[in-house]
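Below are my notes on the model, as numbered points. Please read them next to the coordinates.

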Amino acid sequence: MQVASSLREALITGGKTVKDVSHDISRHVENKPTKLWWAAMAVSVAVMAYGFYCLCYLLWEGVGVWGLNKTVGWAWDITNFVWWVGIGHAGTLISAILLLFRQRWRMSINRAAEAMTIFAVICAATFPFAHMGRLWLGFYWVFPLPNTWGSLWANFNSPLLWDVFAISTYFTVSLVFWYMGLIPDFAVIRDRAVVQGAKIRAQVYNALSFGWQGGAKTWMRYESVALILAGLSTPLVLSVHTIVSMDFATSVIPGWHTTIFPPYFVAGAIFSGFAMVLTLLLITRKVFKLEDYITIYHIELMNIIIIITGSIVGIAYITELFIAWYSGVEYEGYAFYNRVSGPFAWSYWSMMTCNVISPQLFWIKKIRTSLVATFVLSIIVNIGMWFERFVIIVTSLHRDYIPSSWTMFSPTMYDIGEYLFTFGFFFTAFLLFAKFFPVINMAEVKSIVKVSSLEKKENASH
Amino acid sequence: MEESKKIYWKGLEQLTNDSEFVKHADNEFGQAPEENTGHSRRDFLRMMGFGMSAVALAACEAPIRKAIPYVNKPMDVDPSIANYYASTYTNGGDYCSIVVKVREGRPIKVDGNSLSSVTKGGTSAQVEASVLSLYDNSRLRAPKAFNSKTTWENLDKIIIDKLGSVATSGGKIAIVSNTILSPSTKATIDKFKAKYPSAQHVVYDQVSAYGILKANEESFGTAMIPSYDFSKANVIVSIASDFLTSGVSPIEATKQYAQGREVGEDKKEMSRHYQFETILSLTGANADYRTMIRPSEEGAVGVELYNLIAAKAGRASVGKGKSVTYLEDAANDLWASRGKALVVAGSNDKAVQVVVNGINDMLGSYGTTILGTPVNFRQGNDEAMANFIKDAEAGNVAAVIFYNCNPVYDHPMGANLAEGLKKVGVKISTAYKEDETGTLADFIAPDHHYLEAWNDAEPKKGYYSIAQPAISPIFKSRAAQESLLVWAGETNVDYFEILKNNWKSWFFTGGNFQAWWDKCLYDGVLEKPGAEVALSFAGNVSAAADSIAVNYKASEWEFVAYENGTVGNGSQANNPLLQELPDPITKAVWDHYVTVSAKDAGDLDFREAKTLYANLKINGKEVKLPILVQPGQAPRTIGIPLGYGRTKAGKVAETVGGANAYGFVTMVNGSLSFSGAADFKASEETYQIATTQTHHTYMGRQTVIQETVLSEFQQKDWQREYQPAVSTWSDQEDHKVKPGELSMWKGHHYNNHHWGMAIDLNTCTGCAACVVACNVENNVSLVGREEVINRREMHWLRIDRYYSSAVQPESWSWKQAEAAAENPEVVFQPMLCQHCNNAPCETVCPVAATTHSTEGLNQMAYNRCIGTRYCANNCPYKVRRFNWFKYHDNQQFATSNPAMNTDLGKMVLNPDVTVRSRGVMEKCSFCVQRIQNGKLGAKKERRPLQDGEVVTACQAACSTGAIVFGDINNPDSKISKLLKIRPTKNKDDKEDITLVDKIADNPRAYQVLEEIGVKPNIWYLAKVRNKSKVEAQVN
């Protein structure tokens, strides 16, 4: 048990005991799902089904069912891909980097954030697959597999190939990290199931927990693996979006060919990831009555990260504009002139408003500690981050070097449908997660509940 | 037991240890019949597995495609080896001498024939596209009588019978045709007329030149059209003549015009071209000075020009003209280059042409730029045709034979004719397709497509041309000449024999006939130019000026009906190659529209393709057509392309629809007038016109378009204005180097060939023949209107057309640069894969599907492509095209892309080029199949590849020679000499031509987007305008 500092605010409120923690978290797994859960599930599955139809139609007919054209070869597909990958950043950042920095407030949120990461990365991965003209070949030709064509390998120069490695590595490490964290908690659910006499549940969770017994040696190993994995994932947090940004930065297209993209993309990813974590946790917290575990303090800290990353992103935007002017490069200049005042200016200004102006409201303590304001702003930030990718991809492509090829882009129902598919999948997966998996890392949270002696001391001082 | 020596033996053999026995001692059954060890249990399972899977596979029905081999190999047909036949394209009065490429008996490509001194190897979009018309699914399969299929015997019997009874009753028989260039056909018609003395031959042309014929009859005493030579003219003034597209002989004119426009270091002079016109025509787009006039002013501008020159020549002035911008400059320039000047007018009015003849006479053009060799292109007689239609309406025509023409559609009085035909007893059409006229005929006796038929042509007096079939008739068609002969009761009806005998009697001068005839067939042309007719002008200009003053009155709105560079007069409207070919000026495809100036179109946003319908009332006819906003269009005028609104031409043309603009044409001064008063109102209804280019200015980007004016270019040591340089840390004086000199890689070699291309923006007229040639050569998919609106046309080669904007450098703003000027300068830039040596597409492909060859080609391995489109995004030139859908064997694209969706259409596919599947990227390959063919040919003959052996399809199609392709490793190649290719230095500081980096010393040569360092293998030669620097619009 921990030594509590008298200077720090308690991270878990409500005088929770270790037993309370097990009970509060596990009961959602043990109880029958609520009507609200069923309703949410129905909506998610319906959306996913519609999206799946759109996806199947795309695969049947060809990429032409999207609104892409000879000039704009990527639009919603890669926008959505980058957006989801960005969202996927928060989980690992919270569990890995904050673990290394010994930020204990992460303990209440890391489980859900990691789950979100995994689902978001799956959502993201659907787009590079779906956007391929010949998926049936592409899904394995992009891997450097030995083949019968002699020395025919993937092109290691291509940032798309780097993406394949970056995302698959990131996904694998995140999945392992997440699952490993779940093991002791599965064991708790199993133990409770044994007591409650729920045989099947006990067996299932026993299998899921790999028969965890909780010996001191096991815990020791568990913690060292957690640390190693945290160490492994930390560079990944930075590398994934760096590499994603290189899809653009290594190209020759004005508006893409920008050296500040890697840090700018990473900051943006963390920015959007935290916003998404907030959106999800505020709902989970409310529905599962986890106010004592995810406190206003947690929310405030996350909002502070949003201010920081939002400001970095804002500076990046302004730097881009400055360089476009300062460099004197005509095409770069026009690309940004076109972003600001061209036919897609509305998307640029949506991005600016959502990403640069709105997070600044969090400087006001009242706003950053308000649940409603946080919820609304977290959604706005994610809208803004979607527009950021749209602006980068579409407005750079639609008017590049040769004016004769300038075109507009407008999405079709299949562009929208594919996006909805990922939403449907994401929420379906998240709801399943919330129902069947402990949404808060019980094992870790137990390490920060106040000890009973301290509680007594506190009571005495009143 | 040890003692027991009892031995049991199987037989005596064992006892005796017989050697035969010992051999088989291990076998249980001794020498029993040998066991068949071939079938083990495993084999059984294997067989069963195979059997089951074979049954399962057989259950999945695979499409059966029959490939029937030759039983006896025909002579000259070698699989995969192309044969070439010289032939002749004729379509009414249009002519082109061609070479047909035939693979396994199927014509797949038409190229120009350079042996012809009329077309000199040039082609046009229509000529290039005509090969697909051969495989048109809407062609007639057999003759038709009274709307049902019949046999030739039956048809002939009825027709002979009917014509006989008409002849006996003395009824009038009319043979209606467009201009017939073929002397043998004319002789055939004469034979027919001999049999039926009441027969009359009526000739009309869709776009008539009857006014010129009449004017020349008045001016010179003979109704003929002389040969124009634009190459000899230093100053060309055109009053609304689009001689590069729809003039009398556009292919010839394009070639000559380009000769005059060509500049180089040893030729620093070029022609100056003034254009006065209403719509922005292709010719006007190439002009140095262009003035917008209204159609009613054409005559008055001519008269004014006459008066201006008459004042200098000391002749009396006539009538009252109208002075317009640049007209005085034009007059001064013309007068200054007397004898090397040429004035042409597009008007079909005799009076206007007489005035122009008068001007040319004063300028001494006759005998210098206008030669007395009569051309036979447009011989139509508007009055005779009008009289025929009136006769038909009056019921005075007993029988009519429409010889390969379609006047119900393409004559202004077509509707009257359709009415009149009801009163005609016998109606016969010989068109190879059932068209608007054929539908009204009782009998259709389908002629061959020109590629299936023997024929000849005399485009100019003394210049003969022969057409030989490149394929035996696909359907049960018959040469129209043969039909006429059969109906005339001739016994000798083999048109080939007749043609051969005609040539023998007309042109053969002795010697070995077979050898002579073979030579004629080989060359495709026979040229025996006679003496030129002396042209001495005796026209009455004053009367003409008076007639002009009477006939033309300005009205609020005026229209011009014109032939565009794609669908043309509409006879090939069912050819999707032409429907999907962007109009050289408007860049619109698959749509009929009216062009209106930006001011008149009001608030319509020019860039967005969304537009409004206009309600038009012309010549009493009301039509609704979408508006296309056109810079350079004279105010309060509308332009309407001819050739649309076909109602019976096949699926393609009928899908496009539109309005028939021939109905707007009226008779003025005894000939057809393609302009007049109109009533125009924009409606509220919106429409989207499919265009392939939606932004029209080049934004002042000199890296894309580089221009200069002649006076600058003539200066010694002239350098292009735009010379990008990159600042470096180096200790050179200005710290600047050329972008091409910066590289991470040095000393890369192309040891064998290094393919490159030069495109001269000065001689490119933008005619787009190369685009069609590229489509046909490379099996490029045609995607249809919807997909063009989605901006997904597949053209590997496109012609970018840019207008100048009104923005000035001192008040530069991007916003202003985005909009075209009211009367813009125009530049055409053929844009195709630049085959970059540092190709940005190659590095980004995750599967290495696009790679660089050892000869500098940027190659696509379709089979490896997974379709991420990253390469297309990263292509700075945006020349990569993605197969968004399956364009072949897909009913969705059957109309727009018959070449890949119908069995008949597929015959046109080039077997050397893969048809691309869905989901892969494609782009220009520099005709790699032609390169390969050339290399293999040279290899077989054990010799190096000669320069000029490999010609890309676009280069071959280019009438003006603006495209030069070749090996820039070869210092003697045409391209190396043109560009003045200089090798760079290798590591050892020695010049090495095989190094990738080469320098082009031609001062006009530049590479598009040079500064981004992708090092293209295509150089453009900067455009030179022959105008004063002050007036050149800079952006």
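1. In this predicted model, the centres of domain 3 of chain B and domain 4 of chain B, taken over C-alpha atoms, are 33 Å apart. The two domains touch through 19 residues of domain 3 of chain B and 26 residues of domain 4 of chain B.

2. On the side of domain 3 of chain B that touches domain 4 of chain B, α21 (576-579) and α22 (651-656) of chain B each supply at least two residues. α22(B) gives the most, with three residues. By class, this side of domain 3 of chain B has 11 nonpolar, four polar and four charged residues.

3. For reference, the division of chain B is domain 1 (1-62), domain 2 (222-375), domain 3 (555-688) and domain 4 (707-1025).

4. The contact between the chains takes 39 residues from chain A and 44 residues from chain B. Elements of chain B that give two or more residues to the side touching chain A are β32 (798-803), α27 (840-844), α28 (870-873) and β36 (881-882). The residues on that side of chain B comprise 23 nonpolar, 12 polar and nine charged.

5. Chain A has 18 helices and zero strands. Its radius of gyration is 24 Å, close to the 23 Å from the globule rule for 462 residues, so chain A is as compact as a globular protein of that length. Along the principal axes, the C-alpha atoms of chain A fill a box of roughly 75 × 55 × 45 Å.

6. Of the 462 residues of chain A, 52% count as buried. Among contacts in chain A between residues at least 6 apart in sequence, 83% join residues at least 24 apart.

Key:
Residues are numbered from 1 along each chain as its sequence is written. Chains are lettered from A and ligands numbered from 1 in the order in which they are written. This is a predicted model: local features need pLDDT of at least 70, side-chain atom pairs count only at pLDDT 80 or more; totals for chains, interfaces and linings use all residues. Two residues are in contact if their C-beta atoms, placed from the backbone, lie within 7 Å. Helices (H or I, at least four residues) and strands (E, at least two) are DSSP runs, numbered from the N terminus. Ala, Val, Leu, Ile, Met, Phe, Trp, Tyr, Cys and Pro count as nonpolar, Asp, Glu, Lys and Arg as charged, and the others, Gly among them, as polar. Domain bounds come from an automatic or database domain assignment. The radius of gyration is taken over C-alpha atoms; the globule rule is 2.2 Å times the number of residues to the power 0.38. A residue is buried if 20 or more other C-beta atoms lie within 10 Å of its own, exposed if 12 or fewer, and partly exposed in between; C-beta atoms are placed from the backbone.
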